[in-house]
Amino acid sequence: MPEDVGESAAGRWRRRLLDLLGRNLSVVVLALLCLISSVATWREQNPITSRSGGAVARQVLEACPAPCSVLVVARDTEADRVFARAIEEGLDDSGVRIAGRVFGQPRDVRLELERLAGLDGSLDAIATHRIASDWGPVRSAGARVFSPRSYYWPTFLTPRNLLNVVNQNADIAIIALGMTLVILTAGIDLSVGSLLALAGVIAAVAAQEWFGGAAASPAGLLAAMLLGVAAAALGGLLSGTMVTAFRVPPFVATLGLMMLARGLALILAVGHQRRLVGGGAEGTPEAVRVDAAAFAWLGNGAVLGVPNPIVLMLVLFVAAHLLMTRTMFGRYVYAVGGNVEAARLSGVPVTAVLLAVYCLCGAFAGLAGIVDASRFEGGRPNAGELYELQVIAAVVVGGASLAGGRGRIAGTLIGAMIIAVIQNGLNIAGVASYEQKVVFGALILAAVLLDRLQPKIASRRARMTRGSTSTPVQ
Amino acid sequence: MLTWMLVAMSFAALGACGGGTDGGDGSGSVTRGTIGFSAMTLKNPFFKIIADSLTAEAERHGFDVVVTDAERDVNRQSQQVDNFLASGVVAIVLNPVDRIAIGPAVRRANEAGVPVFTSDLQAVADGVEIAGHVGTDNYQGGLLAGEAMIEALGEAGGEVLVLHFKQANSCVLRVDGFRHAIGEYNRDRTEGRIEIVAELEGGGLRDEGYRAMADGIQAYPDLAGVFAINDPSALGARTALEQAGRADQVRIVGFDGEIAGRQAIRDEKIYADPIQYPDRMGVMTVQNIVRYLDGEDFERVHLIPTELYRQADAEQDPTLD
């Protein structure tokens, strides 16, 4: 109905809304998933903070004024100690006597209670948090137990969990950046999981055998890591060469590399284990352990409370986004994916672009491998199995077309987060892994379906905007 | 356009109903808290039995249980540990997928003050604190497997092959025990000795065990016996031997005593198994958690001895139909 001039205001708004939703469907889905996860994880939360410690102190003062003797019970963690200190500060100068304090396990509470029973003077109250208030010795101590009131809040929306969600999938997201480039050129890279493992093992073996093992310097560790990334980039270059010089379909070329790289990772790891035990026996395909403590910084450290893998992911994301939107290279990649022949005829260096794209994808996989090795304090030859599928799923869910030419880096990041949120939401909601697989499969099918039907939507949108020529090219 | 919204809504429904049926009962009710269990792989019935017995026993004591499947991937298992910590469980139970690489995750649990218990497999990483372990005495099991092999081969002795799964420390202990028993037997013998001619990777799985055995028959035509480190790989080996027409000449000793293995023993397809008790592992682990929370002392490492299970036992086994 192209000449629908008499459109009502409500109709126009409805159209605008739908148009907006259509353009940002993946964002909408992500928001919806976050909402569902929040509802499904609406649980009792038990605060262990300085504030809740103060609240407990006030409870004690109200219900058990001086001369009252209190045992403070907390676990041996940082948060618990802060909590316990707040209790004691709240009770300062009130005449309430601190009979004792326990930082430990239920067993330590029992021992402390036995010690207190040996002394004279009764124990009136125990001040602790909700978790320890369930401990057997606390419950059977015969004293009044004070703990902070719990409140209800979605476990999904706790800072710790949100950081977990992103952190756990930072490696997938990093590889997905590289995979987006490959898929934009209408290619595919199945070798990323294996390149991840190879990079991790090479970095670990290099750190252990060439750069000093436990005594390795930060510069040595960095060199070992770069070596791993370089090896993965080289692997990517190899598949790029197969694709460009020999016209091997990307699926087959990277399938070959996938097996090759996995095999090399296993050989290197087993060889290292064999050298560890002094030759002779066959080594085992265990992780190649890195003794230098600094090696774990990238995977397990944090900057201002944000885990390093997330920081790395964000930096790479911004870099990739700029690369694809602000540079000639980015335009070339879209051009190659849109129509190779047209790109070639208009002077785009197709071969160089494809080589660079596969090489970058390998390097991103290698970086993810370094993150993995650092996280587990060693290179795991079995790491990244089936990652290629998760990564491709993230890219496709993020809206990139497997036919090439269409897709955005931002979309990929959202796609990776959609998968992350589903996984995490289902996990903490207690959905068994078998059902999770069904959800994932359905999600990927839906995303591909969406991809197939996209031209129809675009044409309908074009009709709705009455022949406006500004069809989105992304 | 509305179609796509419907697609999204269907996920919503799927997610919501999944959450409702499996995990929604944890909130609000009066429980002693949640125990998180990350199983090695729920594709192997052995670990499913641990999960089921652990769940039943924990519920009897008033706990909720969340069971997750690490699918033999330590990355996945670490993520599951982090998720347990974020959702505030009172205790975590693991079958460590990788005894060393699981270290950082266990350390995070230690830092959060949440006790970690292991079952079946142990964690040996540096600086980790494991509150309790219940597993099989695998070395003793290996000794029994050796005795069973000696019994099966009789005075003739012969060449024996081992189907290994080196990645698992439990299996390394089994083979160590097996080798020790065979070594003791051979000590004063010049005739009828038992020679362990090779250790092949059977992956602890039926298909990999099958392939390894098929190759093993070619390489060692005079084989008299096979020790497979678990039932799936023993059954895979049996299939390979049957296909090669060698099933009558090569005796198999397995390990585990899972139901398919016990049926094979009844049908004389496997000679004998040292059997493990995964159901007891689940129950004892929960009992340890209860003792931990009650501040009682308990055995930090408890190894359950295996028992040899032969055809005579299978015939009286009421669980086999």
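The legends below describe several close-up views of a predicted model.

Local features are taken only where pLDDT is at least 70, and side-chain atom pairs count only at pLDDT 80 or more, whereas totals for chains, interfaces and linings use all residues. Residues are numbered from 1 along each chain as its sequence is written, chains are lettered from A in the order in which they are written, and side-chain values use heavy atoms, with hydrogens and water left out.

**View 1. The open sheet of chain B has six strands with parallel pairing.** The strands, which are DSSP runs of E with at least two residues, numbered from the N terminus, follow the order β2-β1-β3-β4-β5-β11. Two strands count as paired if DSSP finds at least two bridges between them, and the edge strands, β2 (64-69) and β11 (301-304) of chain B, each pair on one side only. Neighbouring strands of this sheet are turned by 15° against each other on average, direction ignored, where axes are lines fitted to C-alpha atoms, for helices over the stretch in contact, and angles run from 0 to 180 degrees between N-to-C directions.

**View 2. Strands β1 and β3 of chain B pair in the parallel sense.** Strand β1 (residues 34-39) and strand β3 (residues 91-94) are joined over four bridges, and B:I35 stands opposite B:A91 in β3(B).

View 3. Helices are DSSP runs of H or I with at least four residues, and contact means heavy atoms within 4.5 Å.

**View 4. B:F227 belongs to the largest nonpolar core.** A nonpolar core is a set of buried Ala, Val, Leu, Ile, Met, Phe, Trp, Tyr and Cys residues joined through side-chain atoms within 4.5 Å, and buried means under 20% relative accessible area (1.4 Å probe, protein chains only). Of the 111 residues in this core, B:I92, B:M213 and B:F227 touch the most other members. Not counting residues up to four places away in sequence, the residues that B:F227 touches include B:A145, B:M149, B:R174 and B:F255.

**View 5. A second, separate core has 103 residues.** Among its members are A:L181, A:A261, A:F317 and A:I414. Of the 474 residues of chain A, 52% count as buried, and chain A has 20 helices and 10 strands.

Note on methods
Buried means under 20% relative accessible area, exposed over 50%, partly exposed in between (1.4 Å probe, protein chains only).
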